[in-house]
Amino acid sequence: MNTENTKAQMRKGILEFCILSLISKKEMYVSDLMEALKSGALDVVEGTLYPLLTRLKNTELLTYRWEESTGGPPRKYYSITPKGIEFLNELKTTWNQLTDAVNKITNPS
């Protein structure tokens, strides 16, 4: 059995949670977001990130604004919406319950 596929599916499952969590702290440009994910050992390519950000925007969990750039085209900065904060709080609760359950199963005392 290929563990790489399972690991990739696990990472994909928590990516939305991580993105919302990062953007809830401050507005973020895509390259800043990618760097923050990379620093947490979640390497994400633009081809994965852009569709996810679009989906989060279309479901009104994120919004964005354009800002002119001195060194190139305008930049799109993402921020979380009130609906996104509610959703993130639900994800945090679920994550805590899930990690507690998994730890009890995989690390019995």
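Tutor: Happy to; we can go from the overall layout to the sheet, the rings and a few backbone angles.

Student: Great. What kind of model is this?

Tutor: This is a predicted model.

Student: How many helices and strands are there in the protein?

Tutor: You'll find four helices and three strands. Starting at the N terminus, the order of elements is α-β-α-α-β-β-α.

Student: And what does the C-alpha trace span along its principal axes?

Tutor: About 55 × 35 × 20 Å.

Student: What share of the residues is buried?

Tutor: Of the 109 residues, 25% are buried. As for contacts between residues at least 6 apart in sequence, 48% join residues at least 24 apart.

Student: Okay, on to the sheet. In which order do the strands come?

Tutor: The order is S1-S3-S2, in an open sheet with antiparallel pairing. S1 (28-29) and S2 are the edge strands, each pairing on one side only.

Student: How many bridges hold S1 and S3 in their pairing?

Tutor: Two bridges, in the antiparallel sense, with S3 covering residues 72-80. Across from tyrosine 29 you'll see tyrosine 77 of S3.

Student: Which charged group sits over the ring of tyrosine 29?

Tutor: That's the charged end of arginine 75, 4.4 Å from the ring centre. Arg75 also turns up, along with Pro74, among the residues touched by serine 69 when those up to four places away in sequence are not counted.

Student: Where is serine 69, then?

Tutor: Serine 69 belongs to strand S2, which covers residues 62-69. Its side chain also reaches the backbone nitrogen of glycine 71, at 3.3 Å.

Student: Let's switch to aromatics. How many aromatic pairs does a search of the whole structure find?

Tutor: Four. One of them is tyrosine 64 with tryptophan 66: the ring centres are 6.1 Å apart and the planes stand at 85 degrees, so this pair is edge-to-face.

Student: Why does that angle make the pair edge-to-face?

Tutor: Because planes over 60 degrees apart count as edge-to-face, and the planes of tyrosine 64 and tryptophan 66 are at 85 degrees. These two rings also form one aromatic cluster together with Tyr78.

Student: Is tryptophan 66 buried or exposed?

Tutor: Exposed: the relative accessible area of tryptophan 66 is 54%, and the cut-off for exposed is over 50%. Tyrosine 64 counts as partly exposed, at 31% relative accessibility.

Student: What lies over the face of tyrosine 64?

Tutor: Lysine 76 does, at 4.2 Å from the ring centre.

Student: Last topic, backbone angles. What is phi of alanine 41?

Tutor: Near 70 degrees, a positive value in a residue that isn't glycine. Most residues other than glycine have a negative phi. Alanine 41 is in the loop between helix H2 (30-39) and helix H3 (46-58), and at 64% relative accessibility this alanine counts as exposed.

Student: And what about phi of glutamate 60?

Tutor: Glutamate 60 isn't a glycine either, yet its phi is positive, at about 65 degrees. You'll find glutamate 60 in the loop between H3 and S2.

Student: Thanks, that's what I was after!

Key
Residues are numbered from 1 along each chain as its sequence is written. This is a predicted model: local features need pLDDT of at least 70, side-chain atom pairs count only at pLDDT 80 or more; totals for chains, interfaces and linings use all residues. Side-chain values use heavy atoms; hydrogens and water are left out. A polar contact is a pair of N or O atoms within 3.5 Å; within protein, one must be able to donate a hydrogen and the other to accept it, and residues adjacent in sequence count only if both atoms are side-chain atoms. Contact means heavy atoms within 4.5 Å. Rings of Phe, Tyr and Trp (its six-membered ring) pair if their centres lie within 6.5 Å; planes under 30 degrees apart count as stacked, over 60 as edge-to-face and the rest as tilted. Buried means under 20% relative accessible area, exposed over 50%, partly exposed in between (1.4 Å probe, protein chains only). A charge sits over a ring if NZ of Lys or CZ of Arg is within 6 Å of the ring centre and within 35 degrees of the ring normal. Two strands pair if DSSP finds at least two bridges between them.
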